[in-house]
Amino acid sequence: MTGNMHLGVEEPIRECQYNQICTHNSSTMDTPHTKKKKIKRKWQVFPGRNKFYCNGRIMMAKQTGVFYLTVVLILVTSGLFFAFDCPFLASNLTPAIPAIGGVLFIFVMGMLLRASFSDPGVLPRATPEEAADIERQIDTANGPSGPGYRPPPRTREVLINGQTVKLKYCFTCKIFRPPRASHCSLCDNCVERFDHHCPWVGNCVGRRNYRFFYLFILSLSLLTIFIFAFVITHVILRSNRTGFLSALKDSPASVLEVVVCFFSIWSIVGLSGFHTYLISSNQTTNEDIKGSWSSKRGKGNYNPYSYGNLITNCCAALCGPLPPSLIDRRGFVQPDTPQPVAQTNGTGACPSNQVQSHMAATNPLLHSQPIILGGGAPLQAKTSLGGPCSTLGPSQASLPSSIPGLSCGGELMALRDSEIHCHHHLHHQHFISPEETPSPPTALPCATHLGHHVHPAQLFNPASQDSLHEDSVRGLVKLSSV
Amino acid sequence: MAETHSLQDLRQAAVASKVFVQRDYTSGTICKFQIKFPAELESRIDKQQFEETIQTLNNLYAEAEKLGGRSYLEGCLACLTAYTIFLCMETHYEKVLKKIAKYIQEQNEKIYAPLGLLLTDPIERGLRVVEITIFEDRSIGSR
């Protein structure tokens, strides 16, 4: 009978075997001698081109040089303002000025860090079984290919609110992209409701961080206008007393601030205006640039996602529910056995050191005894990987987007990028093409081979599953069913 | 009629195949799964039962993504506290996801496992599919 896990087994040989395996703390079936197999978190094996910090809590694009430039510009300009202009303004006008400036500054930095560090809405790539299933469906839909082999069109049409929308197949992620999703070639991920990839923010802007991005540019516009206005005021007041040139000499920083703010205002206020328009019409930058819903395309062309009402569109974009991250960066990787390895020996006794709490919740088969066995081990493993940012609990399935990295200062690595994309920060121009570069054509025949030649039953060879519970259960069964 | 299995029986079962219920985008980008009954499950489970499960899941996801007074309030409050409030409390979406996880577990225990099936929570597949694992039908006597 399964589940009989106590050590009172009659045959001493098997008892010794059982003990031996437990102490080895092995995590894979086929390599029982690897004692120090480190449990990896999902961010460490993430297939996209992202960088992770703070043990998976912070997620950014690969090139972050321009992001640091943004941070430096904001910090320096604001710092100069508070240091040189605020004392004069506070004493001569009102102390509310530095107070409001301070609040604005903190809000700007908070929104920037939030937009930069959170998951924009990356769609995880398809599991092998899913990909195979989709391949099968595509092949049956397209019929048998003739001798002049042409890759089948990989699109699906869907009727949304009366508009026909084409869903494209992503070769990299092996999924049919949901509507409004797009593949970012820089980050090599499909992102939901993809807006654009922003080098200034160092991340894609998508469903989960669009509101932070928008609030960032909006508050930054206010901050630059605020600083610009009050620096001008400061210089004017001073020059009323002492003359223009000596005023400039007394506060030289003001000149720098005015220059920076002057050039920023044009671009940032313009961008804010543009995104305000996008929000009110519920479009993404991507759609606007392509003119997907423009009336120029056709008479009956309209945006099927718009709620029809300007207020509702704005509220939905800014105050709507915030979906959790789908990629579960801090979860633990389950032991994968991609090749059909024969599990002849009962070495799978202690697999539970990689059990995830949420896996257990959704797979009730494993809810009971096997977890208790190695129960001590996984908890220890989790806390030891906690790192300095221990405010959040380990591996929750639906962890909210990461907190701003203010508490993880020590772990932020300064990157020295060889290429820094200094795009002009004008709307439309700083938008980097989101179109995915399709994977090389060799991938295509391989995929179709898989679809044609592999019998479904072989695909689902028990040994090649990627779920923990079947492997561990089988191992336990081998032992206990003597 | 297929033999009934208990949860313990499924531990010994081998996976025969997996069925994927895809997303239904006809209502836009909200999370909704197709109610269409997959052909592979015809011999295993009652069509009505299956459709009911999927419909309940769809309703739960709709509840998570619903725009209304409550979600706006939560959004505004979060914005005012610079989103630090989510360090203390869960978002509404996360609460509903927990409800969904519980529902799926219940369904598995009560209905699907006895029929040799297993539902995987869609959140583990990035909300792309509802994965249904079909276990081989084994006679109970082989335990």
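## Overall make-up

Chain A holds 15 helices and ten strands. The model is predicted. Of the 482 residues in chain A, 52% are buried.

Contacts also give a view of the chain. Take those in chain A with a separation of 6 or more: 71% of them join residues 24 or more positions apart.

## Surface

Chain A has an accessible surface of about 22,200 Å². Carbon and sulfur atoms account for 64% of that surface.

V259(A) belongs to helix α7, which spans residues 253-280 of chain A. The relative accessibility of V259(A) is 40%.

## A three-stranded sheet

Three strands of chain A form an open sheet in the order β4-β5-β6. The pairing is antiparallel. Strands β4 (155-160) and β6 (175-176) of chain A are the edges. Each has a single partner strand, so one side of each lacks a neighbour in the sheet.

In general, strands of a sheet pair through backbone hydrogen bonds, in a parallel or antiparallel manner. Here, β4(A) pairs with strand β5 (residues 163-170) of chain A in the antiparallel sense. Six bridges link this pair. Across from T155(A) stands K168(A), a residue of β5(A).

Methods. Residues are numbered from 1 along each chain as its sequence is written. Chains are lettered from A and ligands numbered from 1 in the order in which they are written. This is a predicted model: local features need pLDDT of at least 70, side-chain atom pairs count only at pLDDT 80 or more; totals for chains, interfaces and linings use all residues. Side-chain values use heavy atoms; hydrogens and water are left out. Helices (H or I, at least four residues) and strands (E, at least two) are DSSP runs, numbered from the N terminus. Buried means under 20% relative accessible area, exposed over 50%, partly exposed in between (1.4 Å probe, protein chains only). Contact means heavy atoms within 4.5 Å. Accessible areas come from the Shrake-Rupley method with a 1.4 Å probe; for residues, only the protein chains shown count as cover. Two strands pair if DSSP finds at least two bridges between them.
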